Amino acid sequence: MIKLSSFFSDYMVLQRDTEENTLWGYAKDEVFIQFKGEGAQSGEVILDGSFKVEEDGLFVAELPSHPAGGDYTVVICDADGESSKIVLQHVTFGDVFVCGGQSNMELPIARTMERYADEIEATDNKNIRFFRVPEKFNFHHTEELIESGAWAYAKMPEILDFGAVAYFAAKEISDREGVPVGIYNTAIGGTPIKSWVSEDTMRELGLHIKEFEECQNDEWVQETIRREQAEDIAWREDADKSFEADLSGNLSGTFNVPGFFKGTPLGDKCLAVLFRKEFELPAGWSDTDTKLYLGAIIDSDKVYVNGEFVGDTGYLYPPRIYKIPKGLLKEGKNVIEIRFLVFRKEGGFMPGIGKDYLIKRPDGETFSLAGEWEYTVAKEMPYIENLTFFSYKATGVYNCMIYPLRRQKCRGFFFYQGESNVDDYATYQEEFEATIKDWRKLWGDDSLPFMFVQIASFNDGGREGYLGRRSYLTEAQRRCCRLPRTALIQAYDLGEFNDLHPTNKKEVGRRAALAAEDLVYGKDKYIPGPERVDVEFTHASDSEDEAKVIFEDSIKLILSHGIDALIEEDRDETNVKGFSYWIGDKAYDAYAEIVDSNKVLVRYPKEAEVLSYAWSDSPLEANLYSEDRLPVVPFRIELK
C-alpha cells in the first residue's frame, strides 16, 4: 500500500530548473516510478526505476532539473503492481509559490465576481494551478502527509475557489515570465501570526506557551468544540423558531437603514428581529434576473422577497449579494423581509459607500432600499460567546499545513495577515520575523523571498473600529523589511472603510508580482511606494512651522488622478490629502503641497506634537502616489 500527500495529484506543478524536486511517500516494499511525457513530450522519460524504502517506510525519488512546461504522466506502484498503482496526469514544471496568512489571502475569487466576472468566466488557463491546503491543526507533533485536496487549473467553476490575491499574482507572474505558476494556499481566515510559527520558535520567544500546552489536552479540545457547536446550533434554532411565533405585541418600530443599533431601542441587545420593507416598483423589474445588495449585516440574516427565500449569511463580514430570480419581483407592491440575528449586542446594517442597500438590474438600473424599514423583535436572546477556533491557537496549523510542504521546492512566499493582531501590535514584529525565519529554515534556504501585504484600510464602518491601532500594526509590518530578501506590498489605499475584505485583489496581485520581479527574478527594482528619506524643518511664522518631506531622488510624486482604475472613491484631485498634525491623541488635517517632483511642503501649528501621513485606521483620503501607481508609505514623526 502506497501513501502519498494529496498534492501528488493530476495537474501538479513541480519547481522548474532545480535538482531538488522529489517524489516521495510511504510504502512497505520497493517502489517503482515512471515519469514520462505525453503529447508534445511523448517519448520523453524523466525517471524510470525502482526505489528502496527506508526503515520508517519513507521512499524518496530525486528528479533531475527540468525547464518550465510540459505535460507528464507519473506512474507509481509497488510489488503488488496494478492493485496499488497510482497514476498522476498532466504534471508540469513551472514556478511554485507558497501563500499564507488569514482571510484576505484565503478570500476566494467567488467573493470578487461583482468586480471581475467577465474576466473570470472567460478564463481557461492551464498555466495557473492551485492547491488549497486543507485546514487542520495538531498540538502534539508535526505531520508528514497532507491527506486531502487536489490540484486544479484556472477554469470555471474550479477557479471560483482559488484565493483571489494568489490567483492575480500568479497570472501576472505567468504572463510576465511565460511559465506555468503553481500556488499552494495555506491561508485560514482569522488566524493570528502565532498559528504559523513552530513550537521550538514559540518557546524561544517565550510567547503563548501556556495556551499551546492547554491545547495538548485532546479531550478538552474535542469537548470544547462539541459543546460550543451544540450551543451555537441550539441558539440559532431557538432564534429561528421565534420568527414562526405570533409577533403581535412585541417591541416594534422603524429603523433607518443603514446604521448601527447602538443608541436605539435595538441597541445593546442580542436579538432575533424581523425587518420588513414594503416598496413599489415600476414596470420592467419582473422580466429579468436582478440582484439584491444589502451590505454587511451584523451578525446573521435570512432574506425573503415576496415570501420566497433568496439567500442567507451566518456571520457578519461579507456584504450580502443575493440573486432574485426572474418573475419574483412584481410591478407595484413588493416586500422584503430579513430575519436578522444579533449575537453579541452590536447589531446593525453596516454603512455603505453608495453601492449597497439597493436592487440592481443587469442594465445597471437601481432601486434604493435605504431609508425607513419596519421592525418587530421576535425574541430577545441571551449573549453567545464566539466559538473557540483552535486553528487560531499557537503552532497547531503550522504542524499540519506548513511542515508537510517542506519537501516541495518553491521560488518564494506570499503572505497576507495581520488583521487579527491589531490589538497585539507590540509583539508583532518579533513574532512575524520569527515566522519568516521559521519558514525559510523549514525549506532549508535562508534566501527564499518572503513578500507580504500590509493590511488594508478598515475602521469597522465608523463604529469603534481599531481606534488607531491599525497603523501601529502596519508599521510593525514595515519594520520587518529589515530582514534580507523581504518585500512589503502596500494595500491601505485598496481597502474599504466598511469591509474587512476589500475586493480589489487584482491590484494587490499586481503589486505582489512587482515584488517578485525583483526578489525572485532579479529584474526591475521593487519599492513598496515612495518612502520619505529626510525632513527639513523651518519656522514659517509666529504661529506656524513647516516641514519639507523629501522622498527618493528618482521619485516623481503625483496625485491619485491618473490611476482612477484602482480607486473607486472620489478623491480630491487638486490638493494633497493625507497629512495630519496631532495635538495629544487628536489628529487634524494639515495643509500640504507638492513643491518639487520628490518634495512635499507641510504646514502645521507650533503646538503640534506629531506629523503623520496616512496614519489612521482608514486613510482612504491619502492621495500621493509614484508614477508607477504605488502609494506613499505611511509615516509618523514626533515633533516634540
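## Strand pairing, helix packing and backbone geometry

In the predicted model, S580 stands opposite D589 in strand β31. Residues are numbered from 1 along each chain as its sequence is written, and side-chain values use heavy atoms, with hydrogens and water left out. Because the model is predicted, local features need pLDDT of at least 70 and side-chain atom pairs count only at pLDDT 80 or more, whereas totals for chains, interfaces and linings use all residues.

The pair S580 and D589 belongs to strands β30 (residues 579-583) and β31 (residues 586-589), which are joined in the antiparallel sense over four bridges. Strands are DSSP runs of E with at least two residues, helices are DSSP runs of H or I with at least four residues, and both are numbered from the N terminus. Two strands are taken to pair if DSSP finds at least two bridges between them. β30 and β31 form a hairpin with two residues between them, and G584 in the turn has a positive phi of about 65 degrees.

An open sheet of six strands has the order β11-β23-β13-β19-β16-β17, with antiparallel pairing. Its edge strands are β11 (252-257) and β17 (308-313), each of which pairs on one side only. Neighbouring strands of this sheet are turned against each other by 25 degrees on average, direction ignored. Axes are lines fitted to C-alpha atoms, for helices over the stretch in contact, and angles run from 0 to 180 degrees between N-to-C directions. Within the sheet, β13 (residues 270-281) and β19 (residues 332-342) run antiparallel and are joined by 11 bridges. F275 stands opposite I338 in β19. Helix α6 (residues 218-242) packs on the sheet and touches β13, β16 (300-305), β19 and β23 (371-381); the direction of α6 makes about 125 degrees with that of β23. Contact here means heavy atoms within 4.5 Å.

F279 also lies in strand β13. This residue is buried, with a relative accessible area of 5%. Buried means under 20% relative accessible area, exposed over 50%, and partly exposed in between, with a 1.4 Å probe and protein chains only. Not counting residues up to four places away in sequence, F279 touches G332, K333, N334, V335, I336, I359, F367 and L369. F279 and E536 are 257 residues apart in sequence and 60 Å apart in space, C-alpha to C-alpha.

A further open sheet has three strands in the order β12-β20-β15, again with antiparallel pairing. β12 (259-260) and β15 (297-298) are the edge strands, and each pairs on one side only. Two bridges link β12 to β20 (residues 348-349) in the antiparallel sense. The bridge partner of G259 in β20 is F349.

Two packed helices are described by the angle between their axes and the distance between the axes. Helix α3 (residues 164-177) and helix α10 (residues 505-519) pack at an angle of about 50 degrees, with their axes 7 Å apart. This angle makes α3 oblique to α10; angles under 35 degrees count as roughly parallel, over 145 as roughly antiparallel, 65 to 115 as roughly perpendicular and the rest as oblique. α3 passes α10 in a right-handed crossing. A crossing is right-handed if the near helix is turned clockwise from the far one by less than a right angle, and left-handed if anticlockwise. On the α3 side the contact is made by A164, V165, F168, A169, E172, I173, R176 and E177, and on the α10 side by K505, K506, V508, G509, R510, A512, A513, L514, A516 and E517. The residues of this contact divide into 10 nonpolar, one polar and seven charged. Ala, Val, Leu, Ile, Met, Phe, Trp, Tyr, Cys and Pro count as nonpolar, Asp, Glu, Lys and Arg as charged, and the others, Gly among them, as polar.

Most residues other than glycine have a negative phi, and most peptide bonds are trans. The peptide bond from M156 to P157 is cis, with omega near 0 degrees, and P157 lies in the loop between β9 (151-155) and α3. The bond from I298 to D299 is also cis, with omega near 25 degrees; D299 lies in the loop between β15 and β16. D268, a residue other than glycine, has a positive phi near 60 degrees. D268 is found in the loop between β12 and β13 and is exposed, with a relative accessible area of 58%. R485 has a positive phi of about 55 degrees although it is not a glycine. R485 lies in the loop between α9 (470-479) and β26 (486-489) and is partly exposed, with a relative accessible area of 37%.
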